[in-house]
Amino acid sequence: MKKNMDYLHWKKRNDKKLTMLTCYDYPTAILQDKAGLDVIFVGDSLGTNELGYEHEISVTLDDIIHHLKAVRRGVKEAYLLADMPYKTYEDPEMALLTAKELVLNGADGVKLEGMREDVISHLYSNGIEVWGHLGYTPQLHNKAVVQGKTFDSAKFLLNGAIALQTAGASMIVLELIPEELGKVITEKLSIPTIGIGAGRFTDGQVLIVQDMLGITPFDLRHSKNYGNLGQIMLKAFQSYSNEVENGEFPQIGNVRNMKDEERDKLLN
Ligand code: KIV
Ligand code: NA
């Protein structure tokens with residue numbers, strides 16, 4: 001079954017948790033889709049996690065589209081979300097062009113950061129499913145600091161989340177906020193919330209795929225390591241390298257041979 005926005009909202013209304021992971025390539029997309037993830041997300045975390053950039057703000061629309069197209073080829077059932085990169089939604093018209101481009105290249109919906117009711121309402125009225133993103137937002141903050149720890153800043157974020165919903169946001173991502181605030185926002189909104197470092201009570205969770213697979217060396221409090229793929233990959237690369245160097249690979253079983261008479265002509 002193809003998971004659309006109605007399904008994601010149905011999950012919230014029925015107290016079922018939503019599952020989401022970032023994804024930047026075709027083989028990972030196939031596996032995540034097969035595993036039954038609700039949302040597969042080409043985030044601008046692409047820059048730091050996949051492309052080796054220093055910061056998310058270096059990610060271009062072309063970068064996102066290149067990876068979105070690969071992921072699209074692997075996703076059959078999950079909802080496919082794409083991030084709007086830095087400076088691609090400066091005003092509502094620019095935002096609509098960006099969003100249309102992402103939808104044209106396979107996104108079911110788009111996500112953007114910050115209190116941008118102007119942009120969200122314009123995309124909404126043009127039929128685009130748009131996700132908000134509040135709390136720590138990498139395009140707008142340059143350090144990963146927990147947001148909304150004081151009453152005033154928490155109230156500001158709660159009001160902001162309500163304003164984004166009113167403007168037409170279909171979903172909202174909450175990043176690095178105290179659990180108490182994640183719970184209050186989730187209870188006050190009718191649209192689903194997806195948390196990353198936002199506690200246990202958001203409607204769903206998202207993690208960066210390299211973090212949860214243990215490909216990256218980071219040990220992040222908000223994340224959990226579901227496998228030491230980094231160690232497994234490193235061992236595989238070392239074994240391969242050693243075996244090629246000492247002649248253990250390839251073996252007779254890995255090779256193809258010519259027919260005897262063809263070989264004899266070649267050798268004579
Ligand atoms: O780009 C990204 O991975 C994100 C998530 C952290 C929500 O925006
Ligand atoms: Na992002």
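I began with the contacts of glycine 199. Setting aside neighbours within four places in sequence, glycine 199 is in contact with Pro178, Glu179, Gly182 and Lys183 (contact: C-beta atoms, placed from the backbone, within 7 Å). Before going on, I noted that this is a predicted model, where local features need pLDDT of at least 70, side-chain atom pairs count only at pLDDT 80 or more, and totals for chains, interfaces and linings use all residues. Residues are numbered from 1 along each chain as its sequence is written, while chains are lettered from A and ligands numbered from 1 in the order in which they are written.

I then placed glycine 199: it is found in the loop between β7 and β8 (204-207). I take strands (E, at least two residues) and helices (H or I, at least four) as DSSP runs, numbered from the N terminus. Proline 178 is 21 residues away in sequence, yet the C-alpha to C-alpha distance is 6.7 Å.

Why does glycine 199 count as partly exposed? Because it has 17 C-beta neighbours inside 10 Å. The scale I used: buried means 20 or more other C-beta atoms within 10 Å, exposed means 12 or fewer, partly exposed lies in between, with C-beta atoms placed from the backbone.

Next I checked helix α8 (residues 179-188). Leu181, Gly182, Ile185 and Thr186 are buried there. Seen down the axis of α8, the buried residues fall within an arc of 130 degrees, so they line one face of the helix (the arc is taken over directions from the helix axis to the C-beta atoms). They pack against α7, β6 and β7 (193-196).

I moved to strand β5 (residues 130-135). Of its 6 residues, 6 are buried. Val130, Gly132 and Leu134 cover one side, and Trp131, His133 and Gly135 the other. In a regular strand, side chains alternate between the two faces of the sheet.

I looked up the partners of β5. Strands pair if DSSP finds at least two bridges between them. β4 (residues 109-111) runs parallel to β5, joined by 2 bridges. Valine 110 stands opposite valine 130. The chain goes from β4 through helix α6 (residues 117-125) to β5 in a right-handed β-α-β crossover (clockwise from first strand over helix to second, strands pointing away from the viewer). β6 (residues 171-175) is also parallel to β5, with 5 bridges. Glycine 132 stands opposite isoleucine 172. The crossover from β5 through α7 (residues 151-167) to β6 is right-handed.

Last, I listed the surroundings of ligand 1. They include Asp44, Asp83, His133 and Glu175 (C-beta atom, placed from the backbone, within 6 Å).

Conventions. Contact = placed C-beta atoms within 7 Å.
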